Amino acid sequence: MVESIIDTTMRTLSCSDINHCERTMKLLTFISFKGGAGKTTALMAIASCLLNRGKKIAIFEADDNRPISQWRDYARTKETWDENCEVITADTLEDFEAGYGKAEQGGYEIALVDSQGGGSELNDTILINSDFVVLPTALTVLDTDETIETFKYVVSRLADEGGDMNVAILKTRVPTGKLTKAQTRTSELLDELPIFTSVLHNRNAFEDMKFRGLLHQTAEKLEQNPADKLLAGNFHTAIKEADTLAVDLLDALQGEN
Ligand SMILES: Nc1ncnc2c1ncn2[C@@H]1O[C@H](COP(=O)(O)OP(=O)(O)OP(=O)(O)O)[C@@H](O)[C@H]1O
Ligand SMILES: [Mg+2]
């Protein structure tokens, strides 16, 4: 499939110099079989931080509820968007391949994928072309069970292709207070698998992001209003957390070179 994407790009570019046509854009996929695991929110937070670090990014939206397009549309009305972020819908393999070629030509450095639930031909193609796969999960027993199933699925797809196992679990919606015994147990169980040491906590800023726009731009707007100073502080705390994760991901993608 990597080959086929390169071929598509080459055809689109009608380029005679192979060096201009090599895959340069990194593909970062967020996936979970369980609905509501926190995929879209984690992607939005990471996207905000990558943009703030000056990256030009594309987001492939495979979810037909279109949460990313809605996020962008809200953000544009509130002037909390960054046009260095292109949203590309990808409901089918053809959409994905065409979008991929377009994004590479557009000079996008990283493409983030908000994937569809479950296994599909589209998901399999995206997975085997991913430079890194993130599996967000909350700390409930049900989420953990589904995460382990998703992990096994992702690893088996990557193994079929003989690719690198660049996959890690991300704990999200982690309570800011003390964990219950059950949460501690599931957290320790997940620690047995490849996992990010940084987590995303359960924060209003992450929850509100879909109605407010990019994290940094939102914090900046809130700061302009003295009544929103406290809220701005909450956004800054969330930003710090998400940025630690973004740096971990950038390091992981760098290791891919
Ligand atoms: N770290 C967090 N802090 C607070 N709320 C969160 C966090 N992560 C996710 N949420 C909230 O949990 C809900 C589900 O999250 P999200 O939509 O990101 O999950 P998803 O895996 O993309 O779901 P779907 O399977 O429907 O696409 C949303 O209302 C979101 O705002
Ligand atoms: Mg989603």
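Which helices each supply at least two residues of the shell around ligand 1? In this predicted model, where local features need pLDDT of at least 70, side-chain atom pairs count only at pLDDT 80 or more and totals for chains, interfaces and linings use all residues, they are helix H3 (39–52) and helix H9 (204–212). Residues are numbered from 1 along each chain as its sequence is written, while chains are lettered from A and ligands numbered from 1 in the order in which they are written. Helices (H or I, at least four residues) and strands (E, at least two) are DSSP runs, numbered from the N terminus.

The ligand is surrounded by 17 residues (C-beta atom, placed from the backbone, within 6 Å of it), and Gly35, Lys39, Thr40, Thr41 and Phe206 are the closest. H3 contributes the largest share of this shell, with three residues.

The six strands form an open sheet with parallel pairing, in the order S3-S2-S4-S1-S5-S6, two strands being paired if DSSP finds at least two bridges between them. Strand S3 (85–89) and S6 stand at the edges with a single partner strand each, so one side of each is left without a neighbour in the sheet. Strand S5 (residues 132–137) runs parallel to S6 and is joined to it by five bridges; within this pairing, Pro136 has Leu170 of S6 as its bridge partner.

Glu161 is located in the loop between helix H7 (141–160) and strand S6 (167–171). The C-alpha atoms of Glu161 and Ile128 are 6.9 Å apart in space, although the two are 33 residues apart in sequence.
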